[in-house]
Amino acid sequence: MAKEDTIQMQGEVIEMLAAEYDRQVEFLRGLAFLRLGQLDSADTWLDRAVSDTTPDRETGVGVWAPPAMAQLRLEQGRLK
């Protein structure tokens with residue numbers, strides 16, 4: 001494998017990890033706003049995190065998003 005190929009692969013991995021990190025930060029920010037009772041801000045940040053199509057539904061945000069979104073909808077009065 002050529003050095004250029006290795007560098008390109010490393011760059012792709014770094015970009016993938018950065019995107020996942022951003023998604024997790026968005027989710028945690030939304031969760032913090034939910035805990036503070038700032039529902040509009042929580043809705044914005046949680047929607048941003050769950051709208052990302054990164055295929056990690058078995059771990060991380062994919063596991064924690066459904067209960068967080070349900071809690072948000074309950075707090076908003078959108079679920080009964």
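Guide: Arginine 73 and aspartate 43 are both buried. Keep in mind that you're looking at a predicted model.

Visitor: Okay, so how far apart are the N and O atoms where the side chains of arginine 73 and aspartate 43 meet?
Guide: These two side chains form a salt bridge, with N to O at 3.0 Å. The link spans distant parts of the chain, with arginine 73 in helix α3 and aspartate 43 in helix α2. To count as a salt bridge, the nitrogen has to be within 4 Å of the oxygen, and here the N to O value is 3.0 Å.

Visitor: Which residues are linked with Arg73 in a network of salt bridges?
Guide: Aspartate 47 also forms a salt bridge with arginine 73, its closest N and O atoms being 3.7 Å apart. Aspartate 47 sits in helix α2 and arginine 73 in helix α3, so this pair ties together parts 26 residues apart in sequence. The residues networked with Arg73 are Asp43 and Asp47.

Visitor: Is aspartate 47 buried or partly exposed?
Guide: Buried means under 20% relative accessible area, and exposed means over 50%. Aspartate 47 comes in at 32%, so it counts as partly exposed.

Visitor: Which residue meets glutamate 26 in a salt bridge?
Guide: Start with glutamate 26 itself, which is found in helix α1 and is buried at 16% relative accessible area. Beyond its neighbours within four places in sequence, glutamate 26 is in contact with Trp45, Arg48 and Ala49. The one whose side chain meets it in a salt bridge, at 3.1 Å from N to O, is arginine 48.

Visitor: And how many salt bridges does a search of the whole structure find?
Guide: One joins glutamate 26 and arginine 48. Asp43, Asp47 and Arg73 are linked in a network. The search of the whole structure gives a total of 3.

Visitor: What is the distance between the C-alpha atoms of glycine 62 and valine 50?
Guide: Glycine 62 lies in helix α3, and at 14% relative accessibility it counts as buried. Valine 50 is 12 residues away from glycine 62 along the chain, and their C-alpha atoms are separated by 7.6 Å.

Technical notes
Residues are numbered from 1 along each chain as its sequence is written. This is a predicted model: local features need pLDDT of at least 70, side-chain atom pairs count only at pLDDT 80 or more; totals for chains, interfaces and linings use all residues. Side-chain values use heavy atoms; hydrogens and water are left out. Helices (H or I, at least four residues) and strands (E, at least two) are DSSP runs, numbered from the N terminus. Buried means under 20% relative accessible area, exposed over 50%, partly exposed in between (1.4 Å probe, protein chains only). Contact means heavy atoms within 4.5 Å.
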